[in-house]
Amino acid sequence: PVQIRSMIDSQPPIAITSAGKVFRKDDDSTHLPMFHQIEGMYVDKDVSFAQLKGLIHKIISSIFEEKNEIRFRPSYVPFTEPSAEVDILSENGKWLEILGCGMVDPNVLKHVGYSDEYQGFAWGVGIERLAMLKYQIDHIKNFYDNDLRFLEQF
């Protein structure tokens with residue numbers, strides 16, 4: 001809701017980030033029905049998917065403080081087209097999805113009254129997922145068990 005409200009209330013250029021809770025139907029070792037997310041959006045003239053990829057690479061390298069192998073694969077992310085999921089190669093050699101991103105669908109920009117000269121990109125990343133990778137945590141529910149032994153190690 002922060003992204004659409006920002007677009008309704010402001011004219012481009014817009015660059016925002018926001019954090020909050022996300023609710024969805026998932027419940028396994030790497031997903032929960034509720035998690036915390038940081039999302040971002042940038043809208044201006046001459047915005048490209050290449051700029052989005054560059055930003056994602058910078059975010060990942062700054063969080064993990066090293067060069068990590070990541071890949072972008074086509075996917076469905078609401079309100080973006082084209083869309084991609086970004087995976088990171090974990091230490092065990094398996095790819096793990098860490099975020100969704102894409103170019104803001106031109107129909108969304110049109111709906112908020114922006115002219116055709118504007119494009120944008122958006123991304124969203126689960127905070128718990130990043131912490132799981134950075135600190136090698138094997139189960140997302142550890143964050144919510146209120147076990148002081150787990151929490152005190154950080």
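## Fold, pocket and backbone of a predicted protein chain

In the protein chain, 53% of the contacts with a separation of 6 or more are between residues 24 or more positions apart; a contact means heavy atoms within 4.5 Å. The model is predicted: local features need pLDDT of at least 70, side-chain atom pairs count only at pLDDT 80 or more, and totals for chains, interfaces and linings use all residues. Residues are numbered from 1 along each chain as its sequence is written, and side-chain values use heavy atoms, with hydrogens and water left out.

The protein chain holds five helices and six strands. Their order from the N terminus is α-β-β-α-β-β-β-α-β-α-α. Helices (H or I, at least four residues) and strands (E, at least two) are DSSP runs, numbered from the N terminus. The C-alpha trace spans about 55 × 30 × 25 Å along its principal axes.

Of the 154 residues, 38% count as buried; buried means under 20% relative accessible area, exposed over 50%, and partly exposed in between, with a 1.4 Å probe and protein chains only. The accessible surface is about 9,500 Å², and 52% of this belongs to carbon and sulfur atoms. Areas come from the Shrake-Rupley method with a 1.4 Å probe; for residues, only the protein chains shown count as cover.

The largest pocket contains about 1,100 Å³ of space. Its lining has 41 residues, of which Val22, Gln37, Glu39, Val77 and Gly124 are the closest to its centre. Two or more lining residues come from each of α1 (2-9), β1 (14-23), β2 (34-45), β4 (80-89), β5 (95-104), β6 (118-126) and α4 (127-134). A pocket is an open set of points on a 1 Å grid over the protein atoms alone, where a 1.4 Å probe fits, with protein on both sides within 12 Å along at least five of seven lines; lining residues have an atom within 4 Å of a point. The volume is the space filled by probe spheres set on the points, which are joined across faces, edges and corners.

| Site | Feature | Location |
|---|---|---|
| Pro12 to Pro13 | cis, omega near 5° | Pro13: loop between α1 and β1 |
| Glu81 to Pro82 | cis, omega about 0° | Pro82: strand β4 |
| Phe79 | phi about 70° | loop between β3 (70-74) and β4 |

Asp46 is exposed, with a relative accessible area of 67%. Phe79 is also exposed, at 64%.
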